[in-house]
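Let's take a walk through the places where the chains of this assembly meet. The sequence and structure come up next, and the tour follows.

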4 protein chains.
Amino acid sequence: MPNDDRLPVAILGATGAVGQTFVRLLDGHPWFRLAEVAASERSAGRTYGDAARWIEGRMPDAARALTVQPCDPASVRSPIVFSALDAAAAGPVEEAFARAGRAVLSNAKNFRMDADVPLLIPEVNGDHLAILDAQRRARGWSGAIVTNPNCAATVAAVALAPLHEAFTLDRLFVVTMQAVSGAGYPGVPSLDILGNVIPYIGEEEEKIERELPKLLGGYVDGRLTTAGFGVSAQANRVAVEHGHTVCLAASFERRPTADDARRAIEQWRGVADVAGLPSAPQRPLVLATDDARPQPRRDVGEGRGMTVTVGRLRSDALLDLRLVALGHNTVRGAAGGSLLNAELMVRRGLLGAEQRR
Amino acid sequence: MPNDDRLPVAILGATGAVGQTFVRLLDGHPWFRLAEVAASERSAGRTYGDAARWIEGRMPDAARALTVQPCDPASVRSPIVFSALDAAAAGPVEEAFARAGRAVLSNAKNFRMDADVPLLIPEVNGDHLAILDAQRRARGWSGAIVTNPNCAATVAAVALAPLHEAFTLDRLFVVTMQAVSGAGYPGVPSLDILGNVIPYIGEEEEKIERELPKLLGGYVDGRLTTAGFGVSAQANRVAVEHGHTVCLAASFERRPTADDARRAIEQWRGVADVAGLPSAPQRPLVLATDDARPQPRRDVGEGRGMTVTVGRLRSDALLDLRLVALGHNTVRGAAGGSLLNAELMVRRGLLGAEQRR
Amino acid sequence: MPNDDRLPVAILGATGAVGQTFVRLLDGHPWFRLAEVAASERSAGRTYGDAARWIEGRMPDAARALTVQPCDPASVRSPIVFSALDAAAAGPVEEAFARAGRAVLSNAKNFRMDADVPLLIPEVNGDHLAILDAQRRARGWSGAIVTNPNCAATVAAVALAPLHEAFTLDRLFVVTMQAVSGAGYPGVPSLDILGNVIPYIGEEEEKIERELPKLLGGYVDGRLTTAGFGVSAQANRVAVEHGHTVCLAASFERRPTADDARRAIEQWRGVADVAGLPSAPQRPLVLATDDARPQPRRDVGEGRGMTVTVGRLRSDALLDLRLVALGHNTVRGAAGGSLLNAELMVRRGLLGAEQRR
Amino acid sequence: MPNDDRLPVAILGATGAVGQTFVRLLDGHPWFRLAEVAASERSAGRTYGDAARWIEGRMPDAARALTVQPCDPASVRSPIVFSALDAAAAGPVEEAFARAGRAVLSNAKNFRMDADVPLLIPEVNGDHLAILDAQRRARGWSGAIVTNPNCAATVAAVALAPLHEAFTLDRLFVVTMQAVSGAGYPGVPSLDILGNVIPYIGEEEEKIERELPKLLGGYVDGRLTTAGFGVSAQANRVAVEHGHTVCLAASFERRPTADDARRAIEQWRGVADVAGLPSAPQRPLVLATDDARPQPRRDVGEGRGMTVTVGRLRSDALLDLRLVALGHNTVRGAAGGSLLNAELMVRRGLLGAEQRR
């Protein structure tokens with residue numbers, strides 16, 4: 001395709017479950033062309049079709065023939081790099097790519113809480129991208145590291161954004177029921193989860209508790225600020241393929257009624273310049289009308305996996321409100337979120353000179 | 001069996017899911033003999049083997065040949081009556097049996113919140129049985145109505161009893177993940193729950209919120225008192241056969257550490273004279289040691305379904321403690337609980353004269 | 001939409017599970033416009049949005065406002081009528097509609113085995129439609145009854161069509177693993193199927209055994225002929241949402257090798273004038289390359305539910321071949337199949353004069 | 001326990017899923033005392049409680065403190081050795097133990113098809129143990145290797161034994177629906193099996209096809225003979241925890257009716273001296289009366305997992321009979337089968353001198 005002037009992009013950790021989701025979502029992308037896939041030494045040198053044990057649907061043909069590269073900026077040349085690397089590997093690799101002038105869109109936890117790194121959900125805190133100036137100055141690189149949050153934190157953040165904006169969160173109780181795809185592949189053994197609930201996901205509660213205040217914080221005077229509310233999180237794994245369900249109970253500074261909250265959610269469209277991006281859903285957040293929704297199997301595909309659905313919005317017996325939120329953990333909560341982050345960077349001209357070729 | 005001097009007992013609503021659990025648990029019971037089964041007009045007159053579509057394991061032979069009776073005290077003569085009736089039918093029927101001098105052990109919600117009706121979990125509030133005197137006086141009957149609580153409330157109450165006794169609950173957040181057997185049979189359609197979560201169970205949250213303070217309340221000066229803590233409950237259905245998993249976050253008047261709580265739970269044995277009853281488990285409450293427990297499929301059978309297992313006991317980010325509790329919803333949370341209630345009444349000599357034959 | 005010159009169509013039994021699938025598939029159909037919905041007396045007179053408890057995804061807006069009609073040709077005026085009625089009701093109703101000059105596309109078993117009624121899978125036996133002349137003469141009506149086969153028989157027939165055409169089936173062993181959606185809604189109770197297999201589906205084996213020889217039979221000298229092979233079928237229900245998996249072992253008159261069979265399947269495109277119909281998939285039958293496919297969750301959506309996927313094609317230890325086939329039971333095996341049948345009738349000009357308006 | 005005169009036994013591969021089942025079943029065994037556990041180098045030297053990630057229920061206390069040994073006869077001294085080793089490791093290890101005079105009860109496939117090795121299901125072919133004389137002579141060891149068959153083959157063999165004995169099998173079609181526990185732990189990823197069927201299990205079909213004729217063969221003139229029937233097998237994985245369901249269609253030399261078959265099954269008790277062994281169920285084979293049984297979740301526990309349940313016995317459209325069989329794959333089909341094999345050896349005095357201490 002000699003005329004293809006789409007931006008070449010690469011995926012690090014392309015053979016794993018999140019890496020495969022990137023491959024699927026990039027297939028047919030109007031702005032980005034999957035030019036390179038990279039993975040661990042074990043896979044490097046093989047074709048992607050050979051190296052990746054494909055999990056969901058069909059492998060796009062364009063990916064099949066790519067040769068898997070090692071994860072270093074000398075081998076991988078694309079200006080935009082999506083990282084699906086494990087936290088164990090992500091740190092130095094992502095840093096090396098940023099130092100080499102690339103825009104790194106990372107799913108790993110390593111840099112999420114750094115003061116000069118955006119923890120980005122475009123509709124929620126697209127303004128946080130402004131911190132990239134400080135990042136580039138401080139780190140002395142022309143590239144960038146932009147992270148997307150933990151999958152359960154993402155679902156909660158999108159659901160709460162209009163409420164926090166309107167009423168200012170004070171205290172928040174989060175209990176999650178998370179899909180098995182959140183654990184990657186092979187991930188959760190079937191003997192552990194069939195007909196079962198596992199009330200533990202390593203480090204998940206900590207991530208939810210620390211990421212939410214940063215996600216819903218602001219960008220003020222050249223700094224990212226953390227929102228002042230407290231979070232208590234309990235995380236559970238359930239026998240669901242895709243879709244994290246999140247039970248929320250919250251108090252707010254300006255005590256909304258359920259009707260106040262309903263209006264705030266229905267009117268909310270999120271940060272303005274996100275609308276119309278290739279991966280942006282028509283609505284980032286919808287309110288279910290059926291009293292028994294949202295449900296993962298029935299609502300996870302909303303907005304091609306990029307829309308969070310909330311329901312059961314009602315007053316709480318102890319706090320102000322309770323509600324249930326549901327979002328696609330590997331799309332909105334991982335690869336799709338990263339993609340949207342990259343699209344927003346492109347729209348805002350935030351790629352470095354090298355990155356725009 | 002002419003020498004069988006076990007007390008004859010009857011089951012109302014014997015063909016349904018909870019009724020069948022009564023039949024299973026009464027099979028081989030050392031004190032009680034299943035003498036009568038009763039159900040709706042549709043089943044009356046048929047043999048139990050013919051009328052009941054048996055759900056779990058094998059129907060006990062002794063039950064198979066019983067003729068299903070209509071649900072009235074003229075047809076059903078046993079002094080002890082276990083009621084698995086739907087709330088829609090339970091009210092007048094249970095009242096008629098009590099008025100006829102029978103001890104009615106009810107699973108229905110109808111009388112649970114009445115001031116003179118025990119809402120009983122023997123190990124937790126066995127002293128509440130003392131209200132029966134007042135009930136008999138006020139209602140002018142020699143029988144009795146003793147209720148057992150909602151299944152999810154039961155699990156939470158057993159888990160919290162030692163903590164409330166030691167530290168006095170202040171605020172409590174409950175989020176449940178409940179098994180499909182809680183909805184009876186046919187109950188939840190498979191198309192609704194396979195690979196899914198349903199964040200709604202009709203009336204469940206209200207029951208949990210109002211029953212817990214009564215369950216953990218006291219019997220003082222001839223009256224049942226309600227505990228002073230507030231409860232917020234969110235109830236979900238998950239693709240689990242048996243076993244309700246309950247996430248709890250709580251604050252207490254005497255702010256316990258996780259270690260304080262651990263000690264309180266490990267030392268707790270519940271009301272003393274319950275130990276040794278036929279349906280009493282060796283321990284009503286155990287603390288799991290594995291960090292990913294309790295789990296419904298792995299822990300639901302503990303104490304033959306009568307033991308509640310708690311785990312993940314840790315300090316909470318906002319309140320004092322959080323923990324996860326798991327109990328068998330149709331055994332401890334329904335038929336097994338009723339059975340234990342009846343056993344305690346027998347031990348305490350609380351059957352009326354008619355009821356002791 | 002005054003310019004809408006699409007053919008008006010009606011659905012009988014529109015509120016049930018198959019009826020809802022019709023509603024979904026007709027949404028945006030290029031040739032047909034959903035003009036009327038009909039259901040039992042209980043629903044008649046209410047809006048569809050009110051009468052139907054919607055199961056999957058979102059109810060199309062156009063359907064929501066339709067008033068549910070009673071199932072008789074005086075109330076329902078559309079020339080094309082899709083019947084999702086239960087067998088208990090379908091017989092006289094479908095006949096009345098045919099007698100009133102309508103084309104009835106039926107999912108019910110009632111007329112399937114009648115000698116003058118097509119049991120139609122367009123790509124497999126589109127020529128069977130020629131029997132409609134005889135049907136109209138014999139029954140004295142200007143309408144038509146065209147049936148689509150049992151869902152499991154459909155999957156097997158599509159998979160076997162190229163092999164029967166090329167090698168002539170002799171003996172066939174069928175063992176199915178069928179999705180719960182095949183039982184409608186509420187259908188299979190979750191307590192029956194979670195973590196379970198039910199080795200029994202009422203009447204299913206008989207349907208598979210008698211329908212397959214008619215499906216793969218011919219239209220010769222003005223009569224439908226039955227293929228001469230024998231069928232043994234065993235039907236099982238498994239905990240799958242959509243997609244019947246069918247294990248096949250077969251002998252043929254012209255003993256094919258697995259390679260012969262592979263070629264026959266890969267070259268087969270089915271009856272020629274079906275290609276390009278709105279509901280026709282690009283390929284009615286595809287051969288999976290991965291050795292562990294087809295799988296219901298991963299392959300059921302192939303061809304928007306209209307493609308059957310086969311795999312594991314290999315020689316058999318006793319007969320000639322064995323293979324596994326997978327198809328969408330409520331799309332290809334029910335509503336989608338009916339739709340394609342109607343489309344083929346339109347293309348061939350087989351609607352009566354009344355039906356073409 | 002100084003007076004414990006039970007035979008000391010060891011488990012090789014004790015930390016895996018089958019190894020754990022051995023540990024569970026040996027807990028409280030009246031004849032055998034779990035004296036030693038052995039596993040790979042990685043685990044050797046650690047306590048069992050530390051090395052084994054326990055999967056089901058609770059680890060028996062007696063096992064917890066045992067030090068894991070390496071898998072060689074110098075380190076492991078017990079006269080009876082249960083092997084749960086993978087086929088990749090089992091060959092030389094099991095041979096070394098037999099050479100060292102131990103009775104090796106193996107679950108691995110390595111020696112199953114050797115002419116001088118019993119492939120044993122006591123009730124079915126207990127007489128095959130007589131081949132041990134030849135084995136000891138030929139191999140020059142005083143120990144023994146006795147294997148138990150593939151789990152699905154076991155279920156089929158028990159179900160078919162009375163029919164083959166009475167009517168002589170001719171042709172047999174087997175289609176299995178197998179539980180995830182058959183794949184060990186972690187085994188089948190939940191993303192592969194939730195709401196899904198996988199129509200492929202590596203090598204399983206070959207094992208079923210070759211083991212069944214040996215299992216149902218005879219011991220004649222000092223040799224094991226293979227039964228003369230042909231077998232076609234198709235193996236599927238389903239979302240079931242425990243219990244392989246097997247659909248069978250068969251022809252026989254003496255063409256039985258379904259009633260003939262029913263009688264044969266009901267009268268069959270299997271090899272006489274197996275009755276009363278500690279692990280022998282009251283009945284090795286029972287015929288379900290309900291038309292929709294057997295079902296894995298409801299029947300797998302029959303005879304504490306040692307009874308095979310058959311149902312749906314009916315005449316076949318092509319052959320003589322079809323039926324469905326269900327058995328516990330990790331109990332009857334693995335560890336429980338091995339245990340029963342060892343018990344039969346003890347009863348028959350087939351342990352070597354060293355082995356009887």
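## Before we start

A residue counts as buried when its relative accessible area is under 20%, and as exposed when that figure is over 50%. Please keep in mind that this is a predicted model.

## Where chains D and C meet

Let's begin with one pair of chains. On the chain D side, 48 residues are in contact with 48 residues of chain C. Between them, the two chains bury about 3,700 Å², with 54% of that area on carbon and sulfur atoms. Within chain D, the residues that lose the most area to chain C are D:Gln234, D:Arg297 and D:Leu318, which together make up 17% of what that side buries.

Strand 11 of chain D (residues 230–238) gives the largest share of the side that touches chain C, with seven residues. Sorted by class, that side of chain D has 27 nonpolar, nine polar and twelve charged residues. The salt bridges between chain D and chain C number eight. One to look up in your viewer joins C:Glu209 to D:Arg322, where the closest N and O atoms are 2.8 Å apart.

## How the two copies are related

What rotation superposes chain D on chain C? The answer is 180°, with 0.0 Å of shift along the axis and an RMSD of 0.0 Å. That is the relation of a two-fold axis.

The contact surfaces tell a matching story. Of the interface residues of chain D, 100% are also interface residues in chain C, so the copies meet through the same surface.

Side chains of opposite charge can pair when their charged atoms come close. Over all chains, the count comes to 92 salt bridges. In one of them, the side chains of A:Arg312 and B:Glu205 meet at 2.8 Å, N to O. This pair crosses between chains, running from strand 14 of chain A (residues 308–315), which holds A:Arg312, to helix 9 of chain B (residues 204–215), which holds B:Glu205.

Next, have a look at C:Asp192, which forms a salt bridge with B:Arg53, the closest N and O atoms being 3.6 Å apart. C:Asp192 sits in helix 8 of chain C (residues 190–193), while B:Arg53 is in the loop between helix 2 (48–51) and helix 3 (61–64) of chain B, so the pair joins two chains. C:Asp192 has 5% relative accessibility, which is under 20%, so this residue counts as buried. B:Arg53, at 52% relative accessibility, counts as exposed.

There is also a salt bridge between C:Arg53 and B:Asp192, again with 3.6 Å between the closest N and O atoms. Here C:Arg53 lies in the loop between helix 2 (48–51) and helix 3 (61–64) of chain C, and B:Asp192 in helix 8 (residues 190–193) of chain B. C:Arg53 counts as exposed at 54% relative accessibility, whereas B:Asp192 is buried at 6%. Elsewhere, salt bridges with shared partners join A:Arg53, C:Arg298 and D:Asp192 into one network.

Methods
Residues numbered from 1 in each chain as written. Chains lettered and ligands numbered in written order. Predicted model: local features only at pLDDT ≥ 70, side-chain atom pairs only at ≥ 80, totals over all residues. Heavy atoms only, no water. Contact = heavy atoms within 4.5 Å. Buried area = accessible area lost by both parts, 1.4 Å probe. Salt bridge = Lys/Arg side-chain N within 4 Å of Asp/Glu carboxyl O. Helix = DSSP H or I, 4+ residues; strand = E, 2+ residues; numbered from the N terminus. Nonpolar A, V, L, I, M, F, W, Y, C, P; charged D, E, K, R; others polar. Least-squares fit on C-alpha atoms with pLDDT ≥ 70 in both. Buried < 20%, exposed > 50% of the residue type's maximum accessible area, 1.4 Å probe, protein only.
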